[in-house]
Amino acid sequence: MKLHIIHGPNLNLLGTRETAVYGAETLKEIDGKCAALASELGVEIEISQSNSEGEIIDIIHAAKHNADGILINPGAYTHYSYAIRDALAAVKLPAVEVHLSNIQAREDFRHESVIAPVAAGQIAGFGANSYLLGLRALAELVRNG
Ligand code: DQA
């Protein structure tokens with residue numbers, strides 16, 4: 001089983017970006033934790049980060065041919081990218097949406113996710129652990145349907 005982890009815009013700045021909201025861990029550290037969990041779960045992972053909507057869409061399209069599921073933190077695109085939502089709907093791969101912060105407890109514009117309706121589920125508010133919980137959920141979903 002191969003799962004593709006996609007980090008959206010500004011997540012490359014983790015570790016220095018609004019640490020009171022997103023924590024002090026870098027993206028590299030989060031990726032390392034995901035890799036360790038993946039080997040524990042016996043799944044292969046590929047990890048991408050992009051600040052560009054079109055590139056994220058291309059990554060989702062490519063995943064159709066080389067992955068069994070998608071774990072995605074779409075960053076701010078969560079709240080308004082119908083194009084990323086449509087890409088996920090088009091490829092029909094099982095997808096789990098994750099967020100470091102609890103988007104429901106933040107500004108009003110963050111309360112809506114246009115991605116959530118095409119994801120199997122959403123995990124938010126647990127910092128880096130959101131990715132690990134999401135990875136476990138996605139692996140189980142792909143394994144058991
Ligand atoms: C985020 C939440 C988004 O609202 C924000 O734009 C991000 C990060 C999170 O992981 O908490 O860039 O997706």
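Entry one. I'm working with a predicted model, so I keep that in mind throughout.

Entry two. I looked up how helix H3 (residues 53-66) sits against helix H4 (residues 82-91). Their axes come within 9 Å and cross at roughly 5 degrees. Angles under 35 degrees count as roughly parallel, and H3 and H4 are therefore roughly parallel to each other. On the H3 side I found Glu53, Ile56, Ile57, Ile60, His61 and Lys64 making the contact, and H4 brings Ala83, Ile84, Ala87, Leu88 and Val91. I sorted the residues of this contact into eight nonpolar, one polar and two charged.

Next I checked what surrounds the ligand. Arg17, Tyr22, Asn73, Gly75, Ala76, His79, His99, Leu100, Ser101, Ile103, Arg106 and Arg110 are the residues around it.

Which atoms of asparagine 73, leucine 100 and arginine 110 lie 2.8 Å from a ligand oxygen? For asparagine 73 it's a polar side-chain atom. For leucine 100 it's a polar backbone atom. Arginine 110 uses an N or O atom in its side chain.

On its own it has 320 Å² of accessible area, and the protein covers 99% of that.

Technical notes. Residues numbered from 1 in each chain as written. Predicted model: local features only at pLDDT ≥ 70, side-chain atom pairs only at ≥ 80, totals over all residues. Heavy atoms only, no water. Axes fitted to C-alpha atoms, helices over the stretch in contact; angles between N-to-C directions. Helix = DSSP H or I, 4+ residues; strand = E, 2+ residues; numbered from the N terminus. Parallel < 35°, antiparallel > 145°, perpendicular 65-115°, else oblique. Contact = heavy atoms within 4.5 Å. Nonpolar A, V, L, I, M, F, W, Y, C, P; charged D, E, K, R; others polar. Near = heavy atom within 4 Å. Polar contact = N/O pair within 3.5 Å; in protein donor to acceptor, adjacent residues only side chain to side chain. Areas by Shrake-Rupley, 256 points an atom, 1.4 Å probe, with all protein chains shown as cover.
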